[in-house]
Amino acid sequence: MFILQANLFVPSEDEILSKVDSARIAASGFAEALASNPTEALQQLGTDLIRFGLKVAFAIVIYIVGAWIISLVKKSMTKAFHNSRADKTVVSFVSSFTSVVLTIILIVLTISTLGINTTSIAALLAGGGMAIGMALSGTLQNFSGGLLLLTFKPFKVGDFIEAQGYAGTVTGMSIFNTQITLPDNRCVTIPHGTLAGGNINNYSRNPIRRVEWKIGMEYGVDAEACEALLLELVRADERVLDSTFHGAADPFAAVSSLGDSAVEFVLRVWVKNADYWDVYFSVNDAIYKELPKAGFSFPFPQMDVHLKN
């Protein structure tokens with residue numbers, strides 16, 4: 001537990017009594033002046049009221065002009081972000097943050113125009129900010145994590161990502177957290193503090209992806225014939241890319257490993273990101289239906305047992 005102490009320049013009891021006495025003396029002096037020379041006293045009072053009124057009017061003008069300038073700054077920033085096609089989350093965050101900071105500065109400036117000492121106000125804001133920061137350390141961590149995500153942009157709204165044990169489509173991004181929708185339509189909210197500090201797997205960043213299948217066949221299979229049939233199946237799909245597409249490679253099939261009960265083949269192709277799952281399930285279905293028709297059998301787990309008399 002942290003204990004925060006802030007010196008807010010609170011006057012002592014003696015100082016308060018001294019100010020009260022000064023005010024009493026001033027009031028007494030004004031009463032004596034009013035009794036002895038009422039015309040001069042009233043003129044002095046009118047002069048003081050006019051000076052104070054001018055200060056109030058000047059402070060009001062400063063506040064109105066400052067608010068107008070803040071509004072212009074916000075509109076200019078929004079227009080600049082719009083022209084640069086910046087992310088909406090970035091626009092909202094920067095605009096709100098700038099507005100709050102400029103408004104605080106404007107209020108302090110307006111108060112100081114009235115002749116009020118802003119030292120205590122500044123100390124109060126500093127002490128209050130520190131206290132809030134200590135109490136909301138987790139929130140501030142999420143805030144700073146959001147800044148990192150907005151700066152480096154490891155993903156954007158609409159991307160399919162995997163992070164913190166969840167895989168889904170990014171549907172929203174606020175200052176403190178990111179919302180993703182899982183394939184079963186569940187919505188998960190991940191705090192930016194943990195999200196920025198962990199691994200993020202973005203499946204949508206690149207335009208193409210590689211699809212891979214591993215197929216187990218029984219021992220004794222004609223490897224070359226099996227590989228040729230697998231390549232024939234994937235090449236028949238128009239969604240499968242070849243080396244003529246930038247970044248892709250021709251379909252590939254080979255024996256990948258010799259297991260206990262099966263010879264394992266690997267089949268790899270490149271497809272566009274949007275076609276990944278459709279091609280994956282379509283080729284799965286073709287492999288299961290077409291390989292047995294061509295005389296290739298899928299093995300079952302087996303064990304050889306030798307008995308000795």
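Of the 23 residues in the largest nonpolar core, which touch the most other members?

**View 1. The largest nonpolar core of the predicted model.** In this predicted model, the residues of the largest nonpolar core that touch the most other members are Trp-213, Ile-215, Leu-230, Leu-267, Ile-287 and Leu-291, out of 23 residues in that core. At least two residues of this core are supplied by each of β6 (208-217), α7 (223-235), β9 (263-272) and α8, and the largest share, 6 residues, comes from α7.

**View 2. The surroundings of Trp-213.** When its neighbours within four places in sequence are left aside, Trp-213 is in contact with Phe-265, Val-266, Leu-267 and Val-269, and also with Val-279, Tyr-280, Val-283, Asn-284 and Ile-287.

**View 3. An aromatic pair in helix α8.** The count of aromatic pairs comes to 9, and one of them joins Trp-277 and Tyr-280 in an edge-to-face arrangement, with 5.8 Å centre to centre and 85° between the planes. Both residues lie in helix α8 (residues 276-293), where they are 3 residues apart, about one turn of the helix.

**View 4. The ring cluster and a charge over Tyr-276.** Trp-277 and Tyr-280 also belong to a cluster in which ring pairs link them with Trp-213, Tyr-276 and Phe-281. Over the face of Tyr-276, which is a member of this cluster, lies Arg-209, at 3.7 Å from the ring centre.

Technical notes. Residues are numbered from 1 along each chain as its sequence is written. This is a predicted model: local features need pLDDT of at least 70, side-chain atom pairs count only at pLDDT 80 or more; totals for chains, interfaces and linings use all residues. Side-chain values use heavy atoms; hydrogens and water are left out. Rings of Phe, Tyr and Trp (its six-membered ring) pair if their centres lie within 6.5 Å; planes under 30 degrees apart count as stacked, over 60 as edge-to-face and the rest as tilted. Helices (H or I, at least four residues) and strands (E, at least two) are DSSP runs, numbered from the N terminus. A charge sits over a ring if NZ of Lys or CZ of Arg is within 6 Å of the ring centre and within 35 degrees of the ring normal. A nonpolar core is a set of buried Ala, Val, Leu, Ile, Met, Phe, Trp, Tyr and Cys residues joined through side-chain atoms within 4.5 Å. Buried means under 20% relative accessible area, exposed over 50%, partly exposed in between (1.4 Å probe, protein chains only). Contact means heavy atoms within 4.5 Å.
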